[in-house]
Amino acid sequence: MSKLSQPATTPGVNGISVIHTQAHASGLQQVPQLVPAGPGGGGKAAPPSKQSKKSSPMDRNSDEYRQRRERNNMAVKKSRLKSKQKAQDTLQRVNQLKEENERLEAKIKLLTKELSVLKDLFLEHAHNLADNVQPVSAETTTANPGNTGQ
């Protein structure tokens, strides 16, 4: 069996060290691991986008700061208005759907009543037809043998 070499530590950024290990003879590679650099040195590393922005703190009285605050305030206001409008639209849609549902339920009741009435009429008509039809008997055909339909 082959042996793994001892890990080598490289000083990293923001108090984080990277441990590098070499692969053994089978050709598999190991993933570098992040560990704290030392006691009290651990902490979260800031994303690259935030690191570059913190390079120069802004003066609260500067024009650039005021412009950024103004743009941010307008963006917040716009976002809140958009959110409020979306909530109102959703509520309006819910009310429309409730009204439509009530109309459809009323239509279902009406059509169910209509179906019941038509079914009763059909059954009554079918029963009356069955009562009015008389079975053809042998006596009726033999009583008039001379009637051939001419």
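Where is the place of Leu118? Leu118 sits in helix 2. This is a predicted model: local features need pLDDT of at least 70, side-chain atom pairs count only at pLDDT 80 or more, and totals for chains, interfaces and linings use all residues. Residues are numbered from 1 along each chain as its sequence is written, and side-chain values use heavy atoms, with hydrogens and water left out.

**Overall layout**
- The protein chain has three helices and three strands. Helices (H or I, at least four residues) and strands (E, at least two) are DSSP runs, numbered from the N terminus.
- Along the sequence, the pattern reads β-β-β-α-α-α.
- Among contacts with a separation of 6 or more, 14% join residues 24 or more positions apart. Contact means heavy atoms within 4.5 Å.

**Surface**
- Of the 150 residues in the protein chain, 2% are buried. Buried means under 20% relative accessible area, exposed over 50%, and partly exposed in between (1.4 Å probe, protein chains only).
- The protein chain exposes about 14,300 Å². Carbon and sulfur atoms supply 56% of that area. Accessible areas come from the Shrake-Rupley method with a 1.4 Å probe; for residues, only the protein chains shown count as cover.

**Nonpolar patch**
- Val117, Leu118 and Leu121 form a nonpolar surface patch, with about 280 Å² of accessible area together.
- Patch residues have over 30% relative accessible area and no salt bridge; like charges are joined within 9 Å, nonpolar side chains (Val, Leu, Ile, Met, Phe, Trp, Tyr) within 5 Å.
- Leu118 is partly exposed, at 48% relative accessible area.

**Salt bridge**
- A salt bridge is a side-chain nitrogen of Lys or Arg within 4 Å of a carboxyl oxygen of Asp or Glu. The count is one.
- Arg68 pairs with Glu64 in a salt bridge, with the closest N and O atoms 3.3 Å apart.
- Arg68 and Glu64 are four residues apart in helix 2 (residues 63-132), so about one helical turn separates them.
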